[in-house]
Amino acid sequence: MAASLGPAGVGGAGPSGFAFDSGLEIKTRSVEQTLLPLVSQITTLINHKDNTKKSDKTLQAIQRVGQAVNLAVGRFVKVGEAIANENWDLKEEITIACIEAKQAGETIAALTDISSLNHPESDGQITIFADKTGVIKAARLLLSSVTKVLLLADRVVIKQIITSRNKVLATMERLEKVNSFQEFVQIFSQFGNEMVEFAHLTGDRQNDLKDEKKKAKMAAARAVLEKCTMMLLTASKTCLRHPNCESAHKNKEGVFDRMKVALDKVIEIVTDCKPSGETDMSSVSIFTGIKEFKMNIEALRENLYFQSKENLSATLEVILERTEDFTDSAYTSHEHRERILELSTQTRLELRQLISVWIQSQSKKTKSIAEELELSVLKISHSLNELKKELHSTATQLAADLLKYHADHVVLKALKLTGVEGNLEGLAEYACKLSEQKEQLVEACRLLRHISGTEPLEITCVHAEETFQVTGQQIISAAETLTLHPSSKIAKENLDVFCEAWESQISDISTLLREINDVFEGRRGEKYGYLSLPRPMKNNANLKSLKADKPDSEEQAKIAKLGLKLGLLTSDANCEIKKWEDQENEIVRNGRNMSSMAYSLYLFTRGEGPLKTSQDLIHQLEVFAEEGLKLASNVQVFSKQLKDDDKLMLLLEINKLSPLCHQLQTITKTPLQNQVFLKVDKCITKTRSMMAILVQLLSLCYKLLKKLQMENNRWVSVTNKDSMDGKT
């Protein structure tokens, strides 16, 4: 089972939480499920009205709340005690905090207990909570002790991850020094198990992270570890088979170095330890700079002395200096370069005009000066928006062109062929071409980073840039080894693994480009993550378990055929969505989400995209079915505004969609039982049916909405006419 590495999670990870080596798993979700109701219940108790008469029914309700708090605390305490029993060094601190929480819960239950109260009033009305301060004190003690337990539990998780990392590093050192193939197999088997454990712990930790920037960094580091694990296997085997081959050793050392850096990066994230000299990502992004600059000039409307003109000028110059990455790039077209330079000059001139008006407005408080300042702010904001559009167009066009041009992977195929043929001249030629391709892709990633729009996407761009840079060199060294040993099966397998990593990164760039466009156009792009190493199976992990489960060629062909119609339906749905003027309409939003997920499923049927295993597919389908039910609910709400005939027509379509959603949920929850292909087949068939209904619903809702608007306008027009006639 693959644990999700992505920020949003498209893999098969369960709820985030604590995983212990003894087999005891204490999930963070369990803690949240006890803590969140507990907080709301305490708030209810504290916010009750003082000195008011309450009926027996109200008193019983208050008592139930107090008892519920006590029960929730009891469940929470059990979680804390389980953590304490697994961690002797923190047991005393956790135990004390748990005792305090338990005492507080019991105090709250006692203060809300009405069984001991007398009922002297004849009307059945009595007063409760004479001592409200007692409840408040108990609540404070409870929240304080709960916080202590959570902080201590967090230390447990960090300690586990560090311990797991140290075990992985120690085994890696043994792998680097191994000389016999038999010894390598034994150690690598242990290494595989340790990596699975590390992936499990870091996957849970990633899901716990609230900071999206840290999540993206963790996803990138774990993606490196996942891909490098397979590379390490083949690169090490190649070295053992050809011990005197310099390129084979260079290839292996590159993998080890990258894995060590990724392991250190994970520890930096979980311990929140930033190494000295690390630059802030936002400092290299043009879009982030423009956003902050616009906020500063817009603040002048409220406060003319917010900052100095020197600061504004310096900030703009830094932004425009960064645009040189675009204008100096050999891959930027002449038209784009000229337009960027033109907009940069225009923005400088408009800032000078703004500063001039700004200085005047500080001494003159007239209406005309205020209007002139507002106009200057609007002008420079407009120019910056135009500059953003031009930079976005330049970067995305370059990336899209490169993806299209290198989609068939001609250079990789040629390198494999020259390797098998032992053609050293051909190797030199195609290695040069791959280096050129690498530089193009690295440059595209660098430009995409500037216009990505969010910090997590910036981090993903940096990760892609580093991956192309490193993997490109490793492919060349792997190809050189194969060329020197053309009959070596392991050298050929090694080159295949590195080429697959390259192809996978190309696919990830396609997804990244789509997300960047979504952010730029104001849509929330669906966040895709990377896949982790599989979790250990009961019969122990073996080397094959590190590979994603893929159907054979015949099944893949059948799945691809099933997906073709799905891809067409996605296009149809997108066409219907574009018709809507209100792109924030709930129905449109549901439809867009379903279309986006269906497109991911379509890519899966082609062996592309963010979904790598059947487990990823199943998880995506679960989310797809939930989105379908949300759509049905929103369409039903819309139908209440319609006349009976139109309403009936819409409800008939909804009645087709809802059962399909429930059927899809049932299929996804059914155990695989070694029938992965059959399950995938059923799921995609259901998805196709749902997408066909989605297209019909979007079209029908659009027409009925237009009809409703026309009728409303006609009614308003007639009402106005009647009103005018009445006045006449």
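Helices (H or I, at least four residues) and strands (E, at least two) are DSSP runs, numbered from the N terminus. Keep that in mind as you click through.

**Before you start**

This is a predicted model, where local features need pLDDT of at least 70, side-chain atom pairs count only at pLDDT 80 or more, and totals for chains, interfaces and linings use all residues. Residues are numbered from 1 along each chain as its sequence is written, and side-chain values use heavy atoms, with hydrogens and water left out.

**Whole chain**

Show everything as cartoon. The protein has 21 helices and four strands. Colour by accessibility next. Buried means under 20% relative accessible area, exposed over 50%, and partly exposed in between (1.4 Å probe, protein chains only). By that scale, 49% of the 728 residues are buried. Now draw contacts, meaning heavy atoms within 4.5 Å. Of those with a separation of 6 or more, 78% join residues 24 or more positions apart.

**Stop 1: the largest core**

Select Phe191, Met259, Phe293 and Ile475. These residues have the most contacts inside the largest nonpolar core, which holds 96 residues. A nonpolar core is a set of buried Ala, Val, Leu, Ile, Met, Phe, Trp, Tyr and Cys residues joined through side-chain atoms within 4.5 Å. Helix α16 (residues 489-520) gives the largest share of this core, twelve residues. Domain 2 (175-271) and domain 3 (286-397) each supply at least three residues; the domain bounds come from an automatic or database domain assignment. In soluble globular proteins, nonpolar side chains tend to be buried together.

Zoom in on Met259. Leaving out residues up to four places away in sequence, Met259 touches Met172, Phe191, Met195, Leu225, Cys228, Thr229 and Leu232.

**Stop 2: along helix α16**

Select Ile490, in helix α16. Is Ile490 buried or exposed? At 7% relative accessibility, Ile490 counts as buried. Residues up to four places away aside, Ile490 touches Thr234, Lys237, Thr238, Arg241 and His242.

Ile506 is buried, with a relative accessible area of 7%. Which residues does Ile506 contact, leaving aside its neighbours within four places in sequence? They are Leu403, His409, Leu441 and Phe468. Pick Phe468 from that list: its C-alpha is 8.9 Å from that of Ile506, across 38 residues of sequence.

**Stop 3: His409**

Follow the contact from Ile506 to His409. His409 sits in the loop between α12 (367-405) and α13 (410-421). His409 is buried, at 15% relative accessible area. Check the backbone: phi is about 55 degrees, a positive value, although His409 is not a glycine. Most residues other than glycine have a negative phi, and most peptide bonds are trans.

**Stop 4: a helix pair**

Select helix α9 (residues 309-322) and helix α11 (residues 334-363). How do they pack? The angle is about 170 degrees, and the axes are 11 Å apart. Axes are lines fitted to C-alpha atoms, for helices over the stretch in contact, and angles run from 0 to 180 degrees between N-to-C directions. That makes α9 roughly antiparallel to α11. The classes are: under 35 degrees roughly parallel, over 145 roughly antiparallel, 65 to 115 roughly perpendicular, and the rest oblique.

Show side chains. From α9, Lys309, Leu312, Ser313, Leu316, Glu317 and Leu320 meet Ser344, Thr347, Arg348, Leu351, Ile355, Trp358 and Ile359 of α11. The contact residues divide into seven nonpolar, three polar and three charged. Here Ala, Val, Leu, Ile, Met, Phe, Trp, Tyr, Cys and Pro count as nonpolar, Asp, Glu, Lys and Arg as charged, and the others, Gly among them, as polar.

Stay on α11 and pick Glu338. Glu338 is partly exposed, at 39% relative accessibility.

**Stop 5: helix α19**

Select Glu626, in helix α19 (residues 614-639). Glu626 is partly exposed, with a relative accessible area of 44%. Ser658 is 32 residues away in sequence, and its C-alpha is 10.0 Å from that of Glu626.
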